[in-house]
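Please walk me through this structure.

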Amino acid sequence: MKTRLLTTTLVLAAGVLLPALRADETLDLTAAGLLKPEFIKARAGDLGLTTDQGAALTSIYEAAKTEAAPLEEAVKKTRLALESALKQSSVTEPAAAEKLAAVLAAEAPLKQLQLRTLLRLRARLTPAQLDAARTLQGSPDPGMSTEERLKHKAGLLKDVVEKEIGSSTNGMKRVGERIKNRIIGGQVAEGEKEIDQLLALFATPKPVLDFSSHATGDTATLKDRFDAVTAKAQEVEDLAVLRELAAARDALLKAKDSSDADTAGRILTWAEGKLKQP
């Protein structure tokens, strides 16, 4: 059990709290509320699917699989051609661009098929079932093993941290290490409880901050002040504080875009004060 959990906790230490750039970002149609067939199948009982619904959903899915087979093969061939071209040091930019265009052209009908299939699956569910599905998507399957449940929660936490904070910090690394060590050390319940607490934190509304009452400070050294704040923020372990700092960062970017030095100064003054707190 402990050995299996090690793999899961490595995700916590190296991924859940450490957002990373992905080399192959693809459009996630389920992020907008569409449901994966695997999810519907796994949660059929919880959703209260009728026999007729089950048959209809299976028919839609099987038809899509048949239609997808040649499209997937076309994507595979174009990707292999692109990879082969890129391995050649003599490949030119136009030649590489042509191969990439072929990949994108091959992927388009497959993505369209995926979209149509997910929409058709969703259309077979009642409003009550869709509401239940949205609730169930945020909770682990009761039949999951401890390892599967932790992986599920780790994935949820990784997603919300990436979405809201968006950058890794030394403090976040230490939080991940602490959770990992608890689980590896046999304190599985305690480690899972800390994950649950963090998920509950991110389930609350994003912080709304008011910087208007703060002084601008030295607006001639905004860059130096920003660098100093960024360095200190790297060591923060309290994710509630990091959420506030992320909100301040977003406000600062807006001030920068509008060349509003006074507002930028007030935001930095707030951040400087926040980071002085114990």
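Predicted model: local features only at pLDDT ≥ 70, side-chain atom pairs only at ≥ 80, totals over all residues.

Residues are numbered from 1 along each chain as its sequence is written, and side-chain values use heavy atoms, with hydrogens and water left out.

Start with helix H9 (188-203). Helices here are DSSP runs (H or I, at least four residues), numbered from the N terminus. H9 has 16 residues and reaches 22 Å from its first C-alpha to its last. That is close to the 22 Å expected at 1.5 Å a residue, where the expected span is 1.5 Å times one less than the number of residues. Its buried residues are Val188, Gly191, Glu192, Glu194, Ile195, Leu198, Leu199 and Phe202. Buried means under 20% relative accessible area, exposed over 50%, and partly exposed in between (1.4 Å probe, protein chains only). The face turned away from the buried side carries the exposed residues Ala189, Lys193 and Ala203.

Phe202 also touches Ile165. Ile165 sits in the loop between helix H7 (146-164) and helix H8 (170-184). Ile165 is buried, at a relative accessible area of 3%. Its other contacts (heavy atoms within 4.5 Å) include Met172, Leu242 and Arg249. Ile165 and Arg249 are 84 residues apart in sequence, yet 9.4 Å apart in space, C-alpha to C-alpha.

Next come the rings. A search of the whole structure finds 1 aromatic pair. The ring centres of Phe211 and Trp270 are 5.7 Å apart and the planes stand at 80°, so the pair is edge-to-face. Rings of Phe, Tyr and Trp (its six-membered ring) pair if their centres lie within 6.5 Å; planes under 30 degrees apart count as stacked, over 60 as edge-to-face and the rest as tilted. Phe211 lies in the loop between H9 and helix H10 (222-233), and Trp270 in helix H12 (residues 261-276), so the pair ties together parts 59 residues apart in sequence. Both Phe211 and Trp270 are buried.

Last, look at the loop between helix H11 (239-257) and H12, where Ser259 lies. Phi of Ser259 is near 55°, a positive value in a residue other than glycine. Most residues other than glycine have a negative phi. Ser259 counts as exposed, at 67% relative accessibility.

Methods: Helix = DSSP H or I, 4+ residues; strand = E, 2+ residues; numbered from the N terminus. Lists of a residue's contacts leave out its neighbours within four places in sequence.
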